[in-house]
Amino acid sequence: MGLFGDRSAAPAGAWQRETVSSPSNVHAKTNLVYLAPSDEASKAQFISINDMVFRTALDDRVEPGKIALSGVQRRSARISDRELVSVKSFLPPRGMEALLMTAALGFMRPMPATHKQEVDALAITTHLIRLFKGQVLTAGQELAFDYQGELFILRPVSMMIASSQDKSASQGLLTDTTAITFEPAPGLYGSGLTFKGQAMAAPRLFKAQEFNFESLGIGGLDQQFDQIFRRAFASRVFPPSMVERLGIRHVKGVLLFGPPGTGKTLIARQIGKMLNGKEPKIVNGPEILNKYVGASEENVRNLFKDAETEQAQKGDASELHVIIFDEIDAICKQRGSVSSGSGVHDTVVNQLLTKIDGVDALNNILLIGMTNRKDMLDEALLRPGRLEVQVEIGLADEKGRHQILQIHVKKMQQNSFLGTDVDLWNLAQRTKNFSGAEIEGLVKSATSFALNRQVDVNDLSKPIDEDNLKVCKEDFEEALKEVKPAFGAVTELLEAYRLNGIIDYGEHFRHLLSVCKQLVEQVRSSETTSLLTCLLEGPSGAGKTALAATLGLESEFPFVKVISSDNMVGYSEPAKCQQIAKVFDDAYRSPMSIIVLDDLERLLEYVPIGPRFSNTILQVLLVLLKKQPPQNRRLLVLGTTSAPALMEDMGFSAAFNVQLHVPALKEADVRTVLTAQKAFSSTDLEAAASCLTEAEVPIKRLLLLLELARQGVPEGSHIPLDRWMQVLHDLSLQ
């Protein structure tokens, strides 16, 4: 027999039954309603009368067509003896189990004003659960029961049920694990009652019963916020006695990390607004530091002083104290990593660790830290018991970006300033790798274009026509040209690497391009390939970088970055390593990424005299080329080199999964390129191609020669053969 008995096939519908008294005084104290065994309604395990739910039992002394209730039950349900009532079957829904019930307790009979009695709350809770386990109790209902020879009345006031942990419910199913908090009820002759071992109710943490993240200005972070609530706040919704019985400790620290502009500070700020009671303390990391010895540690202690005082006074009844650390990496760097005479960074970390999880650790605090550089934090701060909940606040997906756009254009829509031609879903699709702050910047930029149309620079005093002020699609188009994501594909740079586009010069090129596109598609769609590396090797000027840039542009991956020695001129070895590692870290934050390692011998600082190269950079690249991206992240790395033998000697070639040769142009290929460029007339084409005496010509060099030969030639005209021969002679290529 389960919790609800054997009668599982309860009929639906309602019956009319006449109320009578309980069969005996013993039956009256069970809170069960009794029906005749032959009654059709007796097949229902639970029935409801006037919104009160009762569990049914069978008794031969009850006549068919009648239902037996005690006087207390009739008073709760507001019905009279011998009254004809409507009885409905009731099926407790999933999640109706009561986690916590607050109830008023009093004597059934009047007591002298001087009568005082202390009740063991834990003992009477155990007694009540034994008596009424498996029954559905309703707020305002009264239950009569005998305890230690005295008749008591229990009246549930409110309860928290499993399916709604942060909202008060009017009905709940009593189970073995239900915690009961008692309060004396003067109306039930309970003014003389006191309770020992009382199960304290958890303080109400949040101001609102429900959260609408968009109304809070939080978009695209529902999943992360749910994780924060589940890990950091869910246990605090329960009464301390239940948490103690579970044998767990509250989470005391949350770390929000991720790229700048993704919403870390916004989440922390909104948590502060949503909480009841104490205002959160918001501290910028650098504000803690002080040049005087011991002052920084004292600043840390002062942050926890209010929480210490309240816990000493109220114990488990203390309210939650939230401390928000912005830029926590400024004060919690790895111990030993900062060289200073006072060692202030190390002692500040030690002081913070002691307050969170030391011998006299507080139980009424929640520390929320935010950082862009999780790798710089001291490891001891990240272990369980400290900042144990670590939530990455990454770049929003398409749905999240749409939410963020809706938040930022909400007032425009309400006031009819947003054009009807603006498609927010289309904008969400086109803003790949935009952070929340960058999307806000995009909306501001679009608005500036709309406002600028209404401004007459020749007459600034001219009134603005508000009726014609609209932020239209064209404004967002201009804004997309102006606002670029820090973590997105650098389209302009990639286009610069292939100024002349991609020229199909023959079968070999088509095969090479097809293989490269297959690699891109494998990274995009394969369930097992999260990392793929490809080395494009060939003579200088053969078009390796242009090919890599083309793959990056045509892939439409949200993150495409080029690591080139051009961007690191003057950098020291450690600075170069840090910059390279940062690009890879940024790539891991995007669902699909391409990194181009351009001109590897230059990145490695190789020179043939000596020879010399940077072993430090080499080792960093070897490690990063083997490092698997995080779960659900995909990365394609394209390397280019003009010295394949050198890469082989360094052991670098073996780090790439695939190695493809990008050749220079042969005579037939040269002829194809000259035809595609429409450089010569059909009669001069063969002669122009045969003028090149080199067996193979890099395509970049051939295009440069054509540009030189075109100087002084009218636009749209063919290059004269003698002009072409003169250029080749001047550059000693003939």
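Reader: In what order do the 5 strands of the open sheet stand?

Author: This is a predicted model, where local features need pLDDT of at least 70, side-chain atom pairs count only at pLDDT 80 or more, and totals for chains, interfaces and linings use all residues. Residues are numbered from 1 along each chain as its sequence is written, and side-chain values use heavy atoms, leaving out hydrogens and water. Strands (E, at least two residues) and helices (H or I, at least four) are DSSP runs, numbered from the N terminus. Two strands pair if DSSP finds at least two bridges between them; here the pairing is parallel, and the order is 22-23-24-21-25.

Reader: Which strands are the edge strands?

Author: An edge strand pairs on one side only. That picks out strand 22 (559-563) and strand 25 (658-661).

Reader: How many bridges join strand 21 to strand 24?

Author: Strand 21 covers residues 531-537 and strand 24 covers residues 634-641. Leu-531 stands opposite Leu-635 in strand 24. The two strands run parallel, and the number of bridges is 7.

Reader: At what angle does helix 16 run to strand 24?

Author: Helix 16 (residues 544-555) lies across strands 21, 22, 23 and 24. Axes are lines fitted to C-alpha atoms, for helices over the stretch in contact (heavy atoms within 4.5 Å). Angles run from 0 to 180 degrees between N-to-C directions. For helix 16 and strand 24, the angle is about 160°.

Reader: Why does Ser-42 count as buried?

Author: Ser-42 is in the loop between strand 2 (32-35) and strand 3 (46-49). Buried means under 20% relative accessible area (1.4 Å probe, protein chains only). Ser-42 counts as buried because its relative accessibility is 4%.

Note on methods. Buried means under 20% relative accessible area, exposed over 50%, partly exposed in between (1.4 Å probe, protein chains only).
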